[in-house]
Each structure stands twice: as structure tokens, then as C-alpha cells.
Amino acid sequence: MTVSKVARINHHGKLDLVFEPRRGFTRMPNVFQQPPLKASRELYEGKNPMATVYVMESSGGMVAGDRNDISIRLKPGSDVRMIQQSALKIYRSHTGETCVQSIDVQVEEDSRLEWMPEVIIPFADAKFQMDTTIRVAKGSKLLWGEILAPGREKRGEVFDFTSLKSTMKIAVDGELVAFDAIHFTPDTMHYAQLGMLEEALYIGSIWLVSETSSEIDLRNIQESMQVGNGLRAGITRLSSHAVHCRFLGVDQWQLQQEMKRVFTELAVRM
């Protein structure tokens, strides 16, 4: 008996979110969701007008050739916190195709956006590309985080994926202030070399844009960072009222906890 093979249909998740202030709170009046991407309803802490929205990926992860497109627009005066519900898992590319995630963000005048980081985990033989473009209007505020894992470390998968590429672009009032590109191809790179990752396994980044960033004491934040035991971190001031923090660690939990602490401290000061 001949068993027919049914070709897998790639997932193409879409999430288009528009926020605007209404009656004293930031609301999300326009939402387009295409599975497996989904957004929660707006959540609020008491009378705080900030809208908290969770981003969910209902398929459990991305597989060869899957694509996610996320678009976020904050109209003038919006105040939003976005939280990823769980880590983003990138499964083995059994077809050789690359999983792609595109995030396009527009933060309009007098708005504020926080994107709290979760971990991106590329499994063995995975191929993943992520492109993030953020446009911030003058006078608005942005706090954005990202964490990259080497794979399923506890299962012995460390840099066993095929390729991982992450590109981050941030423009303020039409001027490019940050361009960060990370491209890993484990078969052709030696991560333990001096000037590469050396002993580090995890990479974390925090980006801040705020006109009040010049008032933040970066030396104080640097000196208060709980580094050591394989965790290294640095913070630097960029042009156009921007700040960048980079974390390198050997332990995911330790790196995440310190990133969350610094993220919370910057959120208060921005």
C-alpha cells in the first residue's frame, strides 16, 4: 500500500496593532490577528493609563519557512507595554527554508512603548532571520529588549543551529540612530575566540530612546550591575538621546534576571 505524503503548509502569522488614547486610557481600537499570532486585550493596573498587551504564538514555535509579521503603531499620546507570553522557539529546518520574523514599529508624538524581552531559542539545524525596524517621533520614548540563546543548552544543543540573523534599526525623527546586526553561522565561526563571545552563550540587548536620557547617570547603572560568574554587561550613550546596554552570559536565568532589573530601572528613569 502506498502512503501519500501531505505537504506541510507554512504558517504566516500576522499581527497589526494600533493604539490611541481614549477617555484617559490607552486603547487598542484596531486589531488584525492571523494565527498563530495573537494579542491579548488591554490590561491596566488600577488607574494607570498604560495599556499592557501580551503577544502570543499559539503554534508553539516556528518551523521551516514559517513567517511572522508584527506591526505596532502608537498614535500620539499613547502609553503601551508589550510582553511576549513565552520564549520563541525555532524548530529544525527540515526543508532548508528559513523562518522569518519581521517587526515594524511606529511610535508617534508624545508616546511611550516598552517591549519586554523573552528568549529566542533556535533548535539544532534551525534557520532564523529577524528584522526589527522602529521609528520614534521626537519627544516620544522607547524601551526595547531582546535575548538570544545558543539553543536548548540543557539538552546539549549549543550553537547547533544552521544560521541566525537579527537586524535592529532605530530611527528618531527620521534620523537613523542605531543599527545593530548579529549574524551567526556556527559551522563557519569560532565563538570562543577573543573578540567574539569567548565563554558567553547568551546575548541580551536593551535599547532606550528618550529626550531625558541625558539625565540618566549611566556610570551609576554600570557600577550597580550585578556582573560576575560568567555575566558581563556594559552600557553606553548613543546620539539623539539613545542608550544601549549589552549583556553576555553563560547562564540564561542569571542574564534574564539582571536584564529585567536594569530594564525596570531604566523604565522608571526614562
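Me: How many disulfides does the structure hold?
Reply: The structure holds zero disulfides, a disulfide being a pair of cysteine sulfur atoms within 2.5 Å. This is a predicted model, in which local features need pLDDT of at least 70 and side-chain atom pairs count only at pLDDT 80 or more, while totals for chains, interfaces and linings use all residues. Residues are numbered from 1 along each chain as its sequence is written, and side-chain values use heavy atoms, with hydrogens and water left out.

Me: And Cys99, buried or exposed?
Reply: Cys99 counts as buried because its relative accessibility is 1%, where buried means under 20% relative accessible area, exposed over 50% and partly exposed in between, with a 1.4 Å probe and protein chains only. Cys245 also counts as buried, at 1%.

Me: Switching to the sheet, what order do the strands come in?
Reply: Seven strands form an open sheet with mixed pairing, in the order 2-1-5-8-11-13-14; strands are DSSP runs of E with at least two residues and helices are runs of H or I with at least four, numbered from the N terminus, and two strands pair if DSSP finds at least two bridges between them.

Me: Which ones stand at the edges?
Reply: Strand 2 (25-34) and strand 14 (175-184) do, and since each has a single partner strand, one side of each is left without a neighbour in the sheet.

Me: In what sense do strands 8 and 11 pair?
Reply: Strand 8, residues 99-107, and strand 11, residues 127-136, pair in the parallel sense over nine bridges, and Gln101 stands opposite Met130 in strand 11.

Me: Where is Ser213 found?
Reply: Ser213 lies in the loop between strand 15 (202-209) and helix 1 (218-224), and it counts as buried at 2% relative accessibility.

Me: What is Ser213 in contact with, leaving aside neighbours within four places in sequence?
Reply: Ser213 is in contact with Leu208, Arg237, His241, Ala242 and Val243, contact meaning heavy atoms within 4.5 Å.

Me: New topic: how many cavities of 30 Å³ or more are there?
Reply: A search of the whole structure finds five of them, a cavity being a set of points, on a 1 Å grid over the protein atoms alone, where a 1.4 Å probe fits but cannot get out.

Key: On a 1 Å grid over the protein atoms alone, a cavity is a set of points where a 1.4 Å probe fits but cannot get out, and a pocket is an open set with protein on both sides within 12 Å along at least five of seven lines; lining residues have an atom within 4 Å of a point. Grid points are joined across faces, edges and corners, and a volume is the space filled by probe spheres set on the points.
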